[in-house]
Amino acid sequence: MAIEIQPERLQEPGGREPSDLPRTRPWWARPAVHTGLLGAVIGYLFGHWLGNFIGGGYRQAVLGDQNDLAIVLGYVFGTIGWLAGLGIFNDLGRFLAGKPFPEVTHEPAGGLARYFRFTLDHKVVGIQYLVGMIIYFLTGGLFAMAIRTELLSPASHVLGPGVYLEVVGEHGTMMMMMMSSVVLGPFGQYLAPLMIGSKRMAFPRLEALGFWLTPAAFVILLSAVLWGGFPTGWTGYADLSVQATQGMDAYLVAFGLMGISMILAGFNIIATIICYRAPGMRWSRLPIFVWSMFTVSFLQVLAAPVLVAGFYMTITDRTVQTAFFTPDLGGSTYLYEDLFWFFGHPEVYILALPGFGIVSEILPVFCRRPLFGYKVGAAGMFGVAILSFFVWQHHLFDSGIDPDMRPLFMLTTELISIPTGFIYLTAMGTFWKAKIRLTVPMLFALGMYFNFLIGGISGVFLSDVPADTTAHGSFFVMAHFHYTIMGGLMFAFMAGLYYWLPKMTGIRLNERLGKIQFWTMFIFFNSTFLPLFALGNMGMPRRVFEYARNLQTLNDWVSVSAFCLGGSILIFLINVVWSTVIARVPETGNPWNSRGLEWQVSSPPPPENFARIPVVLSGPYEYGVKNALPVADLNPPPGLIASALASSGTEA
Amino acid sequence: MAAATEAGAAAGRPEPRHGVRIAVIWLVLAVAADLVIWFVWGPHMPPGNMSTSAADQQFDFNVLSVIAAPVMLAVFIYFGYALTMWRQRPGDEEDGPGHLRGEARVQAAWIIVTSAIVLGLAGFGTYELIAPAGAGAGEGPQPIWKPAGVNTSSLTSWVPNTKNILQVQVIAQQWLFTYRYPQFGGMETTQLELPVGQPVEFHVTSLDVIHSFWAIQLGVKADANPFLDNVAYTTPEHTGGFTVRCDELCGIWHGAMYNYGSVVPVTAFQSWVKATETRLAALTKTLPPFALVYTPNEISGLAKFYYQAGLPGAGGQYYGPQDPEQP
């Protein structure tokens, strides 16, 4: 098979003389974060000047005297300056000028500095993503704490409605846009090549670009606070967004940049998984986690462009006075709602599917049994991914949109629970007569199954139009998607972190602290979000700073639980810092006794991942199967692949 | 679930019949849970039974809960059983059994059972949407599901217990709701009163951004879109008060955008509406004529008039410069 042979040929170094490569400069002259920041400042100032130069005539002075065009162009050019300062366009420039550029995609080991640079090594990018995502998650979490503080009392206010609205918008947007990469970023980028037996990603520059857009998006989103925030929450509905002040521009540019980052990451993962699998890594042997990354990448590539387009239209509405979403000028607010949710519903599966992948990957290892219904599990992910494009109008059941389609969208929404249910089928089948090991990753995986079931079943209530008429837009919905994202995705993320951090760093996390973190997180998560179902049904809409007096007891309970949940995240942070900085207990082998290909190399993996391209001999989940072959031959005889290539007549 | 356990038991080992045990535990707990949900919890399930649409929503919640509880219990009981019975014994480093027989059958059974449940729910939901006239949800400008036996024969008068349905227009703006009664001279009030036992046709619209009219205990929710008429139906069946809240984020005072309404006997409604029509006659004259949607510019100039005259109506009252941006 040509496609299985290809990697070895492509992965040879460029064949150029080392002397052709750019010479090594002192650290301060090499592009890194500090030059990126310099570029960002220059770019912002240039963009701001440009916006005022060309758009000074149609400034929109609602509450500030700033021209929206200047703000948007400032952010855009600031981002370009940031990327240029990081040296992301250098290789492109060399390529266009006909000069040699590096094709080696591995960073030599050692040195913290490489984590602050544009790099082509997927393992470095994975770690960058991991640290970045944890920072973004903690930032979003702090906003959540502020929300719960405000909701301690129905009438007396800590933040007041204005700041509260800013905080709600920042929390929602930070979590939804950043956490879309919380698994695909760190684990997808780091592990997908290792799991399919590749030495590299298909497009390492796109991969790094995808990461370096996230700090820009993060800073721009936070900068909305300087303009008084944005009033729309994470959904950014027109024409509240057209009415809003300059903070809205920050939201639009930041979320748009994240959309571009998602598209880039998606293309890269798809190309890598299709083209860079080692010989013998058939589709039927692909780890289920890689399947989830594959399906999520398709979702990102197909859904995120719609988001970017919708935001581009909102930006032109706000800056150059187009009227896509302004009804009295012939636009339609439904157009925005449709565009947003056409992205927005696949987006929630972009958040859910990686979680399915992680728990399904971990379960067989700690059950010591083959993954039950592997093919059904993979097909289920595809089913979810495809169906997710046909359900978006269930967000608009009460909106006054044409009701003819309502039964159809009710049907598609309920159908999606069939492929989603397959992850429970695989889990329950794997449990049958297993030998379950309750390690920390396994506990988190079990927590994910518990929480996601509640989240998923409450979704069936929301798909039913009559029940949704009460639940829509209330805390019921809020509880529902926190159960799927916080209870599903973040528990799976924790499972993945405890499972794979020894792989990525060669250091194991403290197990006792891990168990304490799991139990506090599990208990306080449920204690925080379960009462929200009741609150929603009793008439508490989302995003309100005031609520009925009789709901105070439940709200206070929720707030206190939420603070405790924040405390359990603090335990997580302490564990990570303690284990990786202070204690540093080495874990170089295969602590879980896993058959995964990524565990067959040392921890952390060597710079080139595999000394030779491995030949995959059997599936990754053959635990307890008699006469199962080892998962791969890591040291195939030299010339094996070349001779296979010659005999199959596909010599390129 | 039962299918999963049966096939496992069919693998035939001299061990306890795990499938039977799980099924028995599940059956007992599921029946108990369903009885509690239906008879103890169900009658108190929000949004109550104040109107036909609220009662329908309550019924749907109860039916869905009765189906959901056994499904969730099945998974939880299975997980709990597995974690109790199939834990790794200390010192046992052996792997578990490999592939077992009957796996394909279990998968097929699972797919059939879940598909049957899901398709049944979709059919149930569709019936419950169409039969009770859109279930209280906003149906847009051209509603296709209407209450049986009513129509709009007159936009200028209303008599109880006729085919002529009572119309109430809900006008949302930043940040309050007002209500116009076209059949009573087009008067606009800040107070929503409805007669018991009479079908109501809400016309929900907005003067600025998207809001959502949520009459919580009435079981009505319809987005208020600018330049769009969103129709929803219900029939109040019990007298009492209800809360109206804005359910779509509409800016800084979204959380404070609520008021109260009441369902009163027909005679009380008629005397209230007559008295209010008379009291607000001067105000009604200054309003733009009743229409399904309004251009905000036409009435925004009214705000000054309202403030100066100290009138209780609210039509066209924007959140003006006299109000602080932040409290």
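I began with B:His211 and found that its bridge partner in strand 7 of chain B is B:Ala224. The model is predicted, and I kept to local features with pLDDT of at least 70 and to side-chain atom pairs at pLDDT 80 or more, whereas totals for chains, interfaces and linings use all residues. Residues are numbered from 1 along each chain as its sequence is written, and chains are lettered from A and ligands numbered from 1 in the order in which they are written.

I took strands (E, at least two residues) and helices (H or I, at least four) as DSSP runs numbered from the N terminus, and counted two strands as paired if DSSP finds at least two bridges between them. Strand 6 (residues 211-215) and strand 7 (residues 220-224) of chain B pair in the antiparallel sense over five bridges. Four residues lie between these strands in their hairpin, where B:Gly219 takes a positive phi near 65°.

I then looked up strand 9 (residues 240-246) of chain B, which pairs with strand 6 of chain B in the antiparallel sense over three bridges; there B:Cys246 is the bridge partner of B:Phe213.

For burial, I called a residue buried if 20 or more other C-beta atoms lie within 10 Å of its own, exposed if 12 or fewer, and partly exposed in between, with C-beta atoms placed from the backbone. Five of the five residues of strand 6 of chain B are buried. B:His211, B:Phe213 and B:Ala215 point one way from this strand, and B:Ser212 and B:Trp214 the other way. In a regular strand the side chains alternate between the two faces of the sheet.
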